[in-house]
Amino acid sequence: MASVFWPCDVARSGFYYGWDHPALCVAGVLEVEEDSQADALLQRVARSTEAQVLIKICGTPRILGRCVFSSFARSSYPQPDIEIFCGPSRACSAAYIYYHRHDENSMRFYALGSNGTRFFDLQDEVLRLSLKHDFSHTASSRSVSNTGQILVNQWNSAKSLEQFIEHEQRAQTTVQESNARFKETSKFTAINKKFQCTIDGIESSTNLLWRVVSFVFVYSREFSIVVQQIESRVRKLRRLLRGVQPVPNGDVRLRSSQYIEFYNTLWIILNDLIIGIALRQFLRQDRQAFLHLFKLAFEDKAVHKVRQILLWLDSWPAGLKLNTELSRFYSHSFMGLIALWNRGFRSVIPLIPMLLSTLELGSGFGVTMALAMMCDLVCVFMAHVQLCYLVSVTVYGHLLRLAGSLWNLFRGRRYNVLRNRTDPWDYDVDQLLLGTILFTLVAYLFPTALVYYILFATMRVLTILVYASLETTLAFMNYFPLFALMLRIKDPQRSPGGIYMRVEPTKGGNGVDVSVESHPLSLGVTFSQYVELWEQLAKHYHPFRLVWYVMSGRVLDTIPRTYIHSTT
């Protein structure tokens, strides 16, 4: 008994055609009188340009045998009586495994795994790069057998092969219809060429604009989230332009990837604009409340409260006797920096309504633009805290390294720079005496420097947490796979994550029917790039990492934007 992959929608008698390698896979049935006619028709189709692409990935189709359907239906699936022309035997009975012939325009297809789109040899560099933004595949290193992939290609191409044959049959029926279709095809080809030229012109103009914008933004993108968000929006628009380009060779999996990328980007932009317009109305209605909150947050909390804490630390807080001279120097220096910043802030206060109007205008371009502007405002209006933190962490770091060097001195060891290790060393009495004097100075000055460092390190951590929250929300709005999720619910066969065999009993209960079905794409694969982005954010802003940086005297900073761009 031979195993035959039979289409679920084919239930007519005739000569069936398909592939005999790696398994007997039937693509359709030809209703002709003799096998020579069927073979000649199939050979003419195989010589066409469209069929050559199909043959490259599936193999050469051929006439496999004859099938006859009886009027008695023993199953919900077609069960013909077949005669096999090729193979070691001309068996008349077969074990059928049914599959669905998906139309190319339906965007449905079979895939061995979530990385099924990787098995085509892509000649277009732009389209190959566009798969980077497709949520229906990951960079899995799992190998898939070539035999199984060829069989899946045959299932996906069976309907296209039948359409090629029907086109050839209609072309032989009447010459007039063929000429009309040729004119229509020529007209469509001319329109398609014009459309392609238009798209190429827009793409080239966009590339030129992209180079100019990149040249202008190259030095400012590392300092402004707004500039980076504008760059991200331009990148999305370029992605939309790529999405309307025709896919070469009619590759259904590449078309599906381009389809998901295009509409996911479109949905993200539209939702961004809708939420941004709603936020704009909210800001416009509560303008006075936001102005009051703005002044309260940045003037009262970030200036007056910090000044009160500095005065409290300079007056021996909680009975802790700090070094008076060093504490007064710290206190006066930091209050001088804060007063200088406050003077500049007061000069900006009359412009705050204009700043809020700019925020409202930015919300009209999307909520991501408003979030990017908020990130930049946090950086600008907390610059005095950043400056005081950099001064305190510099002093703390030098004292910490000096204490480590003195510790090696008293142990009779010295750090070897060339070999990156500590080696035993004999010190002179003068060196030990100088080390003792320096250790005394460090021991008396270190608590004072530590207290002020803890104050500004805590404020810096709080600022980074606010900034990280805004940045995480911004990343959520920019890269959330909304359309991929909706497509998984609406039609999972457009984004398959694997195949399985479904076994169900026949109508009479005497046997079973086996059909090939698709697993829906798993949520882990759908959110793979988003999870990777979240891991980068969580790794950089992990509490243990922040605490370790505070204790070791390293500078706390926000996540570099190159990490986010590398994952998207």
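The buried residues of helix H14 pack against helix H7 (252-285) and helix H15 (523-526), where contact means heavy atoms within 4.5 Å. These buried residues of helix H14 (residues 482-490) are Phe483, Ala484, Leu485 and Leu487; buried denotes under 20% relative accessible area, exposed over 50%, and partly exposed in between (1.4 Å probe, protein chains only). The model is predicted, local features need pLDDT of at least 70, side-chain atom pairs count only at pLDDT 80 or more, and totals for chains, interfaces and linings use all residues. Residues are numbered from 1 along each chain as its sequence is written, and side-chain values use heavy atoms, with hydrogens and water left out.

The protein contains 18 helices and 10 strands; helices (H or I, at least four residues) and strands (E, at least two) are DSSP runs, numbered from the N terminus. Of its 568 residues, 43% count as buried. Among contacts with a separation of 6 or more, 72% are accounted for by residues 24 or more positions apart.

On the surface, a nonpolar patch is formed by Leu433, Leu434, Ile437, Leu438 and Leu441, which together have about 460 Å² of accessible area. Accessible areas come from the Shrake-Rupley method with a 1.4 Å probe, and for residues only the protein chains shown count as cover. Patch residues have over 30% relative accessible area and no salt bridge, nonpolar side chains (Val, Leu, Ile, Met, Phe, Trp, Tyr) being joined within 5 Å and like charges within 9 Å. A salt bridge is a side-chain nitrogen of Lys or Arg within 4 Å of a carboxyl oxygen of Asp or Glu. Leu433 lies in helix H13 (residues 429-479) and is exposed, with a relative accessible area of 53%.
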